[in-house]
Amino acid sequence: MGGFFGIASQKDCLADVFFGTDYHSHLGTRRGGMAAYDERIGLQRKIHNIENAPFRTKFENVFREMKGSSAIGCISDTDPQPLLVRSRLGNYAICTIGVIRNADALIADCLDREGGYFDAMTGGRVNSTQLFSALMSQRTDFADGIRFAQEQIEGTASVLILKDDGSLIAARDKVGRLPVRIGKSEEGYAVSFESFAYQKLGFEDERELGPGEIVHITPEGITQLVSPGKKKRICSFLWSYYGYPTSTYEGVNVEAMRYRNGESMAEQDEKNGFADHIDYVGGVPDSGTPHAIGYANKSRLPFARAFVKYTPTWSRSFMPQDQRDRDRIAKMKQIPVHELIQGKDLLFVDDSIVRGTQLKETVDFLYENGAKSVHMRSACPPILFGCKYLNFSRATSDMELIARRVILELEGEEGFSHLEEYSDGTTDRGRNLRRAIADKFHFATLDFQSLDGVVKAIGLPPCELCTYCWNGKE
Ligand code: SF4
């Protein structure tokens with residue numbers, strides 16, 4: 001994953017782009033970068049590794065090193081960027097977000113062309129943004145080049161380009177899987193993944209780009225280069241999990257969606273006659289918490305934080321690549337509030353259950369600290385398909401998904417022909433899946449939000465949402 005932010009302004013905008021990019025730090029943990037255009041110097045660029053220190057710390061000297069009235073920045077979980085490119089389209093800085101699943105085939109095709117080459121990174125890998133630029137350069141203007149690259153790519157690619165005249169080109173991915181928003185101030189325009197990032201810097205909402213839309217932006221105005229396509233499939237997980245709570249996509253605020261989602265889970269439990277005595281409702285921090293607030297408000301059960309994450313010295317950006325180290329850090333962060341756990345019946349809401357490894361540790365930790373019972377609710381349906389559009393979950397195969405693994409245990413591969421039933425908690429297979437996962441993880445009870453429930457909580461037409469990881473529908 002990753003996010004980008006840029007400004008085209010009449011005044012120096014480096015500080016604003018620094019803060020605006022920093023506000024995307026929840027979207028990636030590996031590389032941060034900024035590029036700026038100043039008419040006396042041209043394009044400049046800085047990239048830092050942000051695995052062990054946050055973007056803000058790594059770029060604190062950027063004001064002394066770069067200046068400009070137009071700049072872009074990005075946070076990336078994959079490749080270093082923005083890249084500075086000189087091609088037949090001109091000089092520009094470019095960053096992309098998304099994933100290119102057919103990268104090997106596209107690279108081979110580019111290399112087959114006369115004179116084709118790429119800078120190789122460690123292990124011979126090619127930077128995805130460089131691949132995007134190489135595809136784009138096969139056409140004679142930016143709009144045509146971006147459209148061509150997006151058509152060739154299997155996956156998702158949104159793009160932000162800073163040209164060497166100080167203007168920006170922004171393009172949302174073909175089907176609008178990820179958001180691209182534009183803000184406006186008296187001095188110019190901002191482009192952002194997260195809407196709150198520019199609002200906090202004094203920009204007002206101008207508009208959201210439609211799927212596949214491409215625009216050219218100067219401090220004076222926006223020109224549409226390519227109009228939006230009809231097919232839209234925005235990622236539902238933006239609301240369920242990784243979008244920032246203060247952001248709004250397609251007119252729907254993230255935090256408010258999570259409250260509605262929690263409320264409907266409480267209604268579902270009431271309808272199903274869930275009658276266990278519960279002392280406290282809590283969220284698995286952080287993204288489970290707003291769903292739990294909605295659940296508690298609706299059910300009138302008290303909300304409490306039975307454990308709190310210790311974050312002052314464990315910044316989110318400290319994210320080792322090794323899974324065992326990540327699990328250990330997750331464990332070290334969890335600090336119990338004994339008075340709220342000892343002898344209590346607790347109901348927790350988590351944003352989702354993907355592999356379940358960390359959740360099992362959390363539940364064991366609650367029992368070790370004296371919980372009488374731990375009930376679990378997932379704020380979305382069982383995840384049955386790995387994300388092929390954004391490489392969103394770290395799972396490398398569908399068989400890493402806990403729901404798939406348990407289905408295999410229950411009835412072998414035959415079970416994969418009945419995924420719809422397993423997803424539905426009102427069928428025998430659905431009940432068996434919930435019971436088997438609950439037994440494995442020592443949950444007193446387990447339920448998942450229904451697909452219908454998530455879609456209603458978002459409130460957009462189902463045909464505009466990507467729900468592939470829950471129902472496998474493209
Ligand atoms: S498959 Fe899931 S995570 Fe991936 S884009 Fe679709 S809804 Fe989002």
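Arg40 counts as exposed because its relative accessibility is 68%, where exposed means over 50% relative accessible area, buried under 20% and partly exposed in between, computed with a 1.4 Å probe on protein chains only. Its salt-bridge partner is Asp38, with the closest N and O atoms 3.3 Å apart, and Asp38 counts as buried at 9% relative accessibility. A salt bridge here is a side-chain nitrogen of Lys or Arg within 4 Å of a carboxyl oxygen of Asp or Glu.

## Basis of the model

This is a predicted model, in which local features need pLDDT of at least 70 and side-chain atom pairs count only at pLDDT 80 or more, while totals for chains, interfaces and linings use all residues. Residues are numbered from 1 along each chain as its sequence is written, and side-chain values use heavy atoms, with hydrogens and water left out.

## Other salt bridges

The structure holds 28 salt bridges. One of them pairs Lys388 with Glu474, whose closest N and O atoms are 2.6 Å apart, and this pair links distant parts of the chain, 86 residues apart. Glu474 counts as exposed, at 55% relative accessibility. Salt bridges that share partners also join Arg172, Lys232, Glu250 and Glu464 into one network.

Lys331 and Glu361 meet through their side chains in a salt bridge of 3.8 Å, N to O, and they lie 30 residues apart in the chain. Glu361 is partly exposed, with a relative accessible area of 30%.

Key: Helix = DSSP H or I, 4+ residues; strand = E, 2+ residues; numbered from the N terminus.
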